[in-house]
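Please open the model in a viewer and keep the selection tool at hand.

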Amino acid sequence: MQSVNFLIKPASSLCNMRCRYCFYEDEAANRTQASMGVMTPETADLLIREALDAVDFNGRISFAFQGGEPTVAGLDFFRHFVAEVTARNTRHIPVSYSIQTNGLALDGEWAEFLAKNRFLVGVSLDGDKALHDEFRIDAAGKGTWTRVRQNITLLQRAGVDLNLLCVVTKRCAKSAVRIYHALQKTGMEYLQFIPCLDPIEKPRGSMPYSLLPEDYGIFLCALFDEWYRDWASGHYTSVRLFDDYVHLAMGLPAGTCATSGSCGAYFVVEADGSVYPCDFYVLDEWKLGHLGDQPLPALAKSDRAMRFLQDGLEHPTACASCQWQPLCFGGCKRDWCDDPAGGKQNYYCPAFQKFFAHAAPRLRQIAQAELRARGR
């Protein structure tokens, strides 16, 4: 395999926070075993061996850690993991590390480790204190913004490579400009915004935090206007979704599966070593197998994996005739739902239609400027 990408859940669905909109808590509740506990060193070692065996001589490996909350596994787990990779990587395959964390448990030791081992760290922060603390609470029901914000500063001082992730809820969607500037005030230049997910068995839009398509469209347009204004004034802040659209307008590949029009970019490995094709589908029906049962290339070519990939290519019906298809590709499969005509539709299609009608000329303007700067 040319490159092997993993999203690892070392603490399964365990978490030290109780975010009211947590999609993984809901996903875990919809499978036979909600939590697989904390990954053992033996399972970590097996994962590392499987990864190194699977990758080509000139390939690459990416280990991304997520949850639940991955820091619940403890710093010693990560120290062991990195040491084991170093000891076994006799072919000197390029290896990168990243971790997505709520930031609550971080301290000086964590910051030193993450900086030393060049982890890319994503911290979840939903804008300012009022917006963040509405949904991102700890086990005692208290807000977490102040503590997380302090730990972000700790990471910055240690020289950790950081970005921020904001979950867009119904309330956040009405405050795009406020959120954007609040995140900028942290000093971070790399931001991600992802729509919150409704529970699997609930109707879309039925929760207090649910993000409705009309609200998401308004959010994207308002956020883009601020982002574009910064770009035009020479004060660029990276917003991953918009960066992806610019890359597509330049004729380059997108950086995420949601904007690339296909699935299968990585393996999800749960704490017990079970393997799945996507973070949004860590469910019994999509379990590909278990580490050690078959080599990773065989898991990737299994009937279940092939069916998952094929399902991801059967885009919503309206995409075929949509003028924005080359920039959108139908969005993430997790947002596809049945339409009245018996086909599929993207729940957020009205939002994307509104956004591209609003932003497409300026996306192409930026793309052309980037191409000129590269001499193309």
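Select aspartate 133 to begin: its relative accessibility is 16%, and it counts as buried (under 20% relative accessible area; exposed means over 50%, partly exposed in between, with a 1.4 Å probe and protein chains only). The model is predicted, so local features need pLDDT of at least 70 and side-chain atom pairs count only at pLDDT 80 or more, whereas totals for chains, interfaces and linings use all residues. Residues are numbered from 1 along each chain as its sequence is written, and side-chain values use heavy atoms, with hydrogens and water left out.

Lysine 129 is partly exposed, with a relative accessible area of 42%.

Next, select glutamate 134 and arginine 171, whose side chains form a salt bridge at 2.7 Å, N to O. This pair links distant parts of the chain: glutamate 134 belongs to helix α5 and arginine 171 to helix α7 (residues 170–173), 37 residues apart. Arginine 171 is partly exposed at 36% relative accessibility, and glutamate 134 is partly exposed at 30%.

Move to aspartate 138, in the loop between α5 (129–135) and α6 (145–158). Is aspartate 138 buried or exposed? Its relative accessible area is 9%, so aspartate 138 is buried. A polar atom of its side chain lies 2.8 Å from the backbone nitrogen of lysine 142. Leaving aside neighbours within four places in sequence, aspartate 138 is in contact (heavy atoms within 4.5 Å) with Asn16, Met17, Arg18, Leu104, Thr144 and Arg147.

## Strand β4 and its partners

Now select strand β4 (residues 120–124). Of its 5 residues, 4 are buried, so the strand is largely enclosed by the rest of the structure. Strand β3 (residues 95–101) pairs with β4 in the parallel sense over 4 bridges (pairing requires that DSSP find at least two bridges between the strands). Threonine 101 has valine 123 in β4 as its bridge partner. Strand β5 (residues 161–168) also runs parallel to β4, joined to it by 5 bridges; there, leucine 162 stands opposite valine 121.

## The nonpolar core

Select Phe6 and Phe81 next. These are the residues with the most contacts inside the largest nonpolar core, which has 108 residues (a core is a set of buried Ala, Val, Leu, Ile, Met, Phe, Trp, Tyr and Cys residues joined through side-chain atoms within 4.5 Å). Helix α14 (residues 349–373) gives the most to this core, with 10 residues. Beyond its neighbours within four places in sequence, phenylalanine 81 is in contact with Ile8, Ala44, Leu47, Ile48, Phe63, Phe65 and Tyr97.

## Further salt bridges

Finally, select Asp76, Arg79 and Glu109, which are linked in a network of salt bridges. A search of the whole structure finds 15 salt bridges. One of them joins the side chains of glutamate 314 and lysine 344 at 4.0 Å, N to O.

How values were computed. Helix = DSSP H or I, 4+ residues; strand = E, 2+ residues; numbered from the N terminus. Polar contact = N/O pair within 3.5 Å; in protein donor to acceptor, adjacent residues only side chain to side chain.
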